There are 2 protein chains.
Amino acid sequence: MRDAYHEELDSLTDKLVEMTRLVRSAISRATTALLDADLQLAESVISRDEVVNAVFDDIETSIFDLMARQQPVAVDLRMVVTGLRMATNLERMGDLAVHVAKVARLRHPDSAIPPEMRSTIVQMGQIAENLVTKAGSCVASRDVESAMELDQDDDAMDRLHRRLFKDILAKDWQHGVEPAIDITLIGRYYERYADHAVHVAESVVYMVTGSRPADRV
Amino acid sequence: MRDAYHEELDSLTDKLVEMTRLVRSAISRATTALLDADLQLAESVISRDEVVNAVFDDIETSIFDLMARQQPVAVDLRMVVTGLRMATNLERMGDLAVHVAKVARLRHPDSAIPPEMRSTIVQMGQIAENLVTKAGSCVASRDVESAMELDQDDDAMDRLHRRLFKDILAKDWQHGVEPAIDITLIGRYYERYADHAVHVAESVVYMVTGSRPADRV
């Protein structure tokens with residue numbers, strides 16, 4: 001049987017996994033809201049972000065409480081400190097999903113995405129979901145091997161991000177400046193979302209091994 | 001006389017203040033590089049980011065070491081945990097200055113900023129510098145009152161950010177899509193830089209009082 005202390009650490013892991021689930025749902029709904037110009041769905045992403053923030057606050061409180069009472073050392077200490085960092089990354093991912101939803105809301109009843117760019121956005125949304133799903137599995141399993149694999153998805157995200165710019169800057173771009181700005185920002189939101197998911201996975205590596213993946217931008 | 005433990009905590013504060021100085025210099029030089037299309041200056045911002053990252057690594061190592069050996073409680077515990085968070089914010093501010101510098105490098109020998117928008121960028125750079133200077137003072141002095149004042153500068157940054165969009169979307173915009181994208185991204189970088197500076201100041205409030213300023217986006 002596990003003692004109360006380790007139950008608290010397990011509970012922390014559960015809350016982090018719950019956050020990955022929430023921000024996965026947020027980016028998924030935000031992408032759909034964007035593509036379908038679905039105002040209600042966009043509003044739901046925006047208003048539900050408070051749930052993500054509440055879990056974040058809960059994690060933060062638990063961690064301070066745990067550190068003050070239990071004074072964890074070694075891997076447990078890394079667990080709580082990197083737990084706080086993961087929660088911070090996940091909270092930010094929720095914000096980025098909200099930013100995407102706000103663009104959808106701003107352009108409603110139009111769609112911010114020209115027809116020929118829909119498939120790129122669909123793919124960016126898909127990769128964002130994959131990344132956060134994998135990050136959640138890494139947090140739950142503490143599997144270092146799979147945590148290292150997120151880089152590949154992130155590279156795919158970067159390629160799609162560059163393709164967006166290429167499309168906007170193509171000679172036959174006919175949509176003017178406003179959609180170009182929307183897409184520039186949207187692209188940035190997905191790319192940052194992906195980066196944060198990778199950071200969550202990197203934190204798992206650090207938590208387990210005590211050393212960080214080398215390359216930071 | 002202070003004991004070794006409190007000397008370590010003081011040293012942590014010194015390193016955080018040093019980071020604010022470094023990232024202030026970075027955004028200052030990046031702004032100049034952008035406005036003057038100064039390639040060498042842009043390169044210097046990009047290459048010097050490793051100094052910011054090195055201080056970050058140093059802070060992170062010190063904090064884990066300190067927590068493992070000294071098991072701080074109460075305000076000292078908040079100090080080390082929020083110290084890590086502040087360092088993360090500051091490291092990111094360094095990255096954002098690099099992003100600005102990379103736009104300058106990409107457009108060299110041209111300037112990415114059309115003449116009529118220079119004054120807005122000058123002001124955004126100035127506010128970014130003010131914010132990080134104030135954040136640095138807050139970290140050094142642990143002054144909660146002045147930490148609360150950063151919001152006003154941040155509001156000014158948001159107004160300038162909106163003005164950028166207004167200019168880009170004006171009927172008489174003659175620069176086409178590429179400069180619009182550059183300016184959209186640059187505006188976002190300054191706005192995020194400012195947000196992170198505000199977060200640093202908010203962390204000071206949390207560190208000292210144990211409660212956070214209420215509103216998070």
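Mentor: Let us begin with a term: a residue is called buried if its relative accessible area is under 20%, and exposed if that value is over 50%. Please keep in mind throughout that this is a predicted model.

Trainee: Is A:F64 buried or exposed?

Mentor: The cut-off for a buried residue is under 20% relative accessible area. A:F64 has a relative accessible area of 11%, and therefore A:F64 is buried.

Trainee: How many aromatic pairs does the structure hold over all chains, and of what kind is the pair of A:F64 and B:Y206?

Mentor: Over all chains the structure holds two aromatic pairs. In the pair of A:F64 and B:Y206 the ring centres lie 5.4 Å apart and the planes stand at 80 degrees, and planes over 60 degrees apart count as edge-to-face. The answers are therefore two pairs, and for A:F64 with B:Y206, edge-to-face.

Trainee: Which helices does the pair of A:F64 and B:Y206 link?

Mentor: This pair crosses between chains, with A:F64 placed in residues 39–70 of chain A and B:Y206 in residues 177–209 of chain B. B:Y206 is itself buried, at 10% relative accessibility. The helices asked for are α2 of chain A and α7 of chain B.

Trainee: Why does the pair of A:Y206 and B:F64 join two chains?

Mentor: The rings of A:Y206 and B:F64 have centres 5.4 Å apart and planes at 80 degrees, so this pair is edge-to-face. The pair joins two chains because A:Y206 lies in helix α7 of chain A, whereas B:F64 lies in helix α2 of chain B.

Trainee: What rotation superposes chain A on chain B?

Mentor: The superposition has an RMSD of 0.0 Å, with 0.0 Å of shift along the axis of rotation. The two copies are thus related as by a two-fold rotation axis, and 100% of the contact residues of chain A recur in chain B. The rotation is 180 degrees.

Trainee: How far apart are the end C-alpha atoms of helix α3 of chain A, and how many of its residues are buried?

Mentor: Helix α3 of chain A runs over residues 74–107, and at 1.5 Å a residue its 34 residues should span 50 Å, which agrees with the model. This helix is mostly covered. The end C-alpha atoms are 50 Å apart, and the buried residues number 28 of 34.

Trainee: How many disulfides are there over all chains?

Mentor: A disulfide is counted where two cysteine sulfur atoms lie within 2.5 Å. A:C138 counts as buried at 1% relative accessibility, and B:C138 is buried as well, with a relative accessible area of 1%. Over all chains, the count of disulfides is zero.

Technical notes. Residues numbered from 1 in each chain as written. Chains lettered and ligands numbered in written order. Predicted model: local features only at pLDDT ≥ 70, side-chain atom pairs only at ≥ 80, totals over all residues. Heavy atoms only, no water. Least-squares fit on C-alpha atoms with pLDDT ≥ 70 in both. Contact = heavy atoms within 4.5 Å. Buried < 20%, exposed > 50% of the residue type's maximum accessible area, 1.4 Å probe, protein only. Helix = DSSP H or I, 4+ residues; strand = E, 2+ residues; numbered from the N terminus. Expected span 1.5 Å × (residues − 1). Phe/Tyr/Trp six-rings, centres within 6.5 Å; stacked < 30°, edge-to-face > 60°.
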